[in-house]
Every structure is written in C-alpha cells, then in structure tokens.
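Q: I would like to learn how to read a model like this one, feature by feature. Please take me through it.

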Amino acid sequence: MSEPEFRTIFEPFRIHSVEPMRSTTRQYRRQALSTAGYNLFQVDAQDVLIDLLTDSGTGAMSRDQWAALQHGDESYAGSPSFYLFRDAVQSLFPFTHVIPTHQGRAAERILFSVIGGPGKIIPNNTHFDTTRANIEFTGATAIDLVIPEASDPQADLPFKGNMDLEALDSLLATRADDVPAVVVTITNNSGGGQPVSLANLRAVRRLCDAYGKPLFIDACRFAENAWFIREREEGQNSRSVTDIVREIASLADGMTMSAKKDPMGNIGGWLALNDDDLAQRCRDLLILTEGFPTYGGLAGRDLEALAQGLSEAVDHTYLHYRIRSTAYVGDALRDAGIPVLSPTGGHAVYIDARAMLPHIDPLAYPGQSLALALYEMGGVRTCEIGTAMFGRQPDGSERPAALDLVRLAIPRRTYTQSHMDYVIEVCRKVAAEASELPGYRITREPATLRHFTAVFEPLPR
Ligand code: F0G
C-alpha cells in the first residue's frame, strides 16, 4: 500500500514554550508613531503585535539549541564550544579559517577595513545596507550589479538575485586593479530575498579567476538559497541542501555571515576564508574590537547554539515549510490585488509600495508611508526598503532608490499560519485606504544608516 498524500504543509514543530502577545488600539498606535518620529525602529517592541521588522535574531530556538546552551564553555581562550562551532561551520563551508564575530556587520567591518579603503570598488549583486555602509565607511565604493530584470518587481524569474555577468566583466576589464574582491549575497535580501543560481555563481567564479580576484559570499540565507536551487535549477532536485551548500562554498574564497538568519541564532556571525595572510590581519582587528579569536564577541553558549542551529537550518522538512509558508503570504496578498514583488522571496514578502501608492512621489517615501499604515492599522511592524533606506547619496544628495518596497520579514519558527492570516487581513484593510495615505519628509537624520534613527513628519495632504 502506498503512503497517503496530504496537501497541508504544517509548521514542523510543536510549541514548547510560549510568549504573550500584546494588543493595543489604533488610537494608541497613532500616538506611538508620533512619539517615535514616524520611525518604526523607534517604536517599543511591546507596542507591536506581530513583528515582521526583520527575520534577524528573532527566530525561535529549538529544544536542542536551548539544551546546547548548557554545554557552553566560557573559557576566554580555546573553549571547546569554539571547536564545536568551527567544525559545524566547516562541515558546510570548508574554509580554512573560521573567525567568530558578534554579528554579520562585525565580519563585514573587519573584512572591508582590511581590503577596502579610498579608491577601491567592491561589487555585489546587491549590497545590504550595513555592507554598503561598512564599505563606504572605509572610503571605498560599493556598487550593485544585479541582473537588470531585478528592478522589475513583476519579472517572475527563478533566480532574480543573479549577478549581471556582463556588467561584472566590464567593471573588471576596466577597473580590475581597484577591485579587491567580488561579493555575492545569497539570497539577495535588498532585491527581494531572491536566490542566486549555481550556474551564476560558477560563472562569477570563472570571471574572478580570469581577473585573479577573490570571491566572497554574504551567506546569511544560504540554506534558503540552496533550497531554491534544489527546487528550481535544472539537475539539482535529487541533491541534498547540504551538498549544494558545500558546492556554493567551494566556489568562493571566503564568506561573511550573520548567524542571526539561517543558522537560527539570536546573535552571532562569522568571517571565514582560505587566505592565511588575510585571515591573520582580520584576526588582529578582531582582537582589537570583538574579542579573542576563539569567541569573537560571543559567549561559549552562543557558539554551541549556533552549531546546533546549523544542523537544523539544512533540514529539508523545515526548509520546505519555510519557503512554502512565506509563499503562502505572498500568494494571498497577490490574490487581494496588492502588488507584491514576484516571485516571493525566501525569508520575506515584499510589497511594491511605489505601485501601491502611486500618488506618493518616491522622494516622499511611499514605503515608509505604507509601513507606518500597517503598524497603525493592525500593530504589524514591517520595514521600508527603499528611498528612506537607500536614497541618501554619499555626497549628501537625495535620489529615489531602485525600488520602494515594504518588507514583511518572517522570523523563523515563530508565528503560525493564523498569525499570518491576520497579517494578510491587515494588509487588505490598508490597501482599501491606500489612496488616503500621506507622503513623509525627513526632519532630522544621521550621516549614515539614516533609516534607523531619522525623524519623519507626514506631509500635508
Ligand atoms: N548581509 C545581509 C544580506 C543581511 O541581510 C544582513 C542583516 C547583514 C549582512 C548584516 O548582518 O545584522 O548580523 O549585522 N540583515 C538584517 C535584516 C538586519 O533585517 O535583513 P547583522
């Protein structure tokens, strides 16, 4: 007798420990927004009902991760927790040197402090905000070379995170001396959580070889990217995610990592690479600001939790649920006529705020307006990824970002399908009032990464 088949894809876990949620009124939230300078990063988490601000560090750890914490050895130097962590990283990414950091941007700061600097150019499919900021902070230039179709929110391509190979080739042909490394971000977060294909990574590798350049991957969402490769790329469907991840690693010379994403950590990151000399220089900087190289700013217990989390991140049942449950939200919003970036990404659904709020000029931040409305309507916190985040240029001028998106990032293993049904309902209600939403202007902003602390004000309608 054959096994019966079921269509329902359920959360592949039972709930073992629960956290309370707190409801507030629309009037209360309107006041909270005004107090927060219309910046959702400045809203207190306890005033948020469903927090889709980020999938970073906000996931639920498993029973086995909590148990692993008890094994943490807090020795300053040579902790066994470090070796366990290093081995878990190397089982997927067999780079010679594994350097723990407290989170991804610390790995970025260290790497780019060493290889960046004035006059240098660092290409990526799309730099994440902290990556770009850390590169620019050294005086180097960060450039995005994702395929042109990525700027069309409706272009339904399987690997919309791919690097534009021609553009990379022409950059290297003209400026090779100024390019210390090429970076590929998997999945491409700022471009909609879109994956990069193995074929594209192999081609980037060939270009790097041709010009003698190292290739680094920004691998925060490596497992989701590998699942998409398994699902979508020809000839990959019978491979395990682990096997695909190892091939990705074999194509690179190193990686930066935020372990707050796919590795299921609440904190953590690493820099891994093969070059002995570069690793030495990075470790010297690590000691200056992060800590000794066997803990790098993390507690031994964090290293243990990450080692365990890495083994859970590549589980096929988990990844099937993860990608499918994100697509569930994307499909429902699309069915409601809300313009959603297609295809739906791995860790998040991105609403095309510029298309949803055509009456708001990009320089009046339609993404910010939509994100604020979702919070006010239903206590759902999301994140603008658009002109508020990327519009300010290094020379201080302002220009529209490529897209004005609102990201609904889904924390791992944290919310259930009924939570997501509520989110969908909130989005529908906001869509019904979309034409009444105001634009915004910035009244105060810092010099870098302004979206975290800028103060906004609604424009008169
Ligand atoms: N690279 C990518 C692609 C990221 O998405 C992030 C963080 C980082 C690097 C930096 O890692 O936060 O550990 O320092 N992204 C989070 C987000 C913050 O919300 O997408 P970090």
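A: Let's begin with residue classes: Ala, Val, Leu, Ile, Met, Phe, Trp, Tyr, Cys and Pro count as nonpolar, Asp, Glu, Lys and Arg as charged, and the others, Gly among them, as polar. The model is predicted, so local features need pLDDT of at least 70 and side-chain atom pairs pLDDT 80 or more, while totals for chains, interfaces and linings use all residues. Residues are numbered from 1 along each chain as its sequence is written, and side-chain values use heavy atoms, with hydrogens and water left out.

Q: How many helices and strands does the chain have?
A: Helices (H or I, at least four residues) and strands (E, at least two) are DSSP runs numbered from the N terminus. Here there are 16 helices and 14 strands. The radius of gyration, taken over C-alpha atoms, is compared with the globule rule, 2.2 Å times the number of residues to the power 0.38. For this chain of 461 residues the radius is 21 Å, close to the 23 Å from the rule, so the chain is as compact as a globular protein of that length. Its C-alpha trace spans about 60 × 60 × 45 Å along the principal axes.

Q: Which residues come nearest to the ligand?
A: A residue is near a molecule if one of its heavy atoms lies within 4 Å of it. The ligand has 17 residues around it, and the nearest are Thr54, Arg105, Ser258, Lys261 and Arg407. Helix α4 (residues 104-115) gives the largest share of this shell, three residues. By class, the shell holds two nonpolar, eight polar and seven charged residues.

Q: How much space lies in the largest cavity?
A: On a 1 Å grid over the protein atoms alone, a cavity is a set of points where a 1.4 Å probe fits but cannot get out; a pocket is an open set with protein on both sides within 12 Å along at least five of seven lines; lining residues have an atom within 4 Å of a point. Points are joined across faces, edges and corners, and the volume is the space filled by probe spheres set on them. The model has one cavity of 30 Å³ or more, and the largest cavity holds about 90 Å³. Its lining includes Asn39, Phe41, Glu384 and His451, and divides into six nonpolar, four polar and one charged.

Q: What is the volume of the second largest pocket?
A: That pocket has about 1000 Å³. Among its 38 lining residues, Arg132, Asp144, Phe390, Gly391 and Gln393 are closest to the centre. Helix α5 gives the largest share of the lining, five residues. By class the lining has 20 nonpolar, 11 polar and seven charged residues.

Q: Which peptide bonds are cis?
A: Most residues other than glycine have a negative phi, and most peptide bonds are trans. In this model, the bond from Ile186 to Thr187 is cis, with omega near -20°, and the bond from Ser342 to Pro343 is cis, with omega near -10°. Thr187 sits in the loop between β5 (182-185) and α7 (198-211), and Pro343 in the loop between α12 (316-335) and β9 (348-352). Met264 has a positive phi, near 65°, and belongs to the loop between β7 (254-258) and β8 (269-273).
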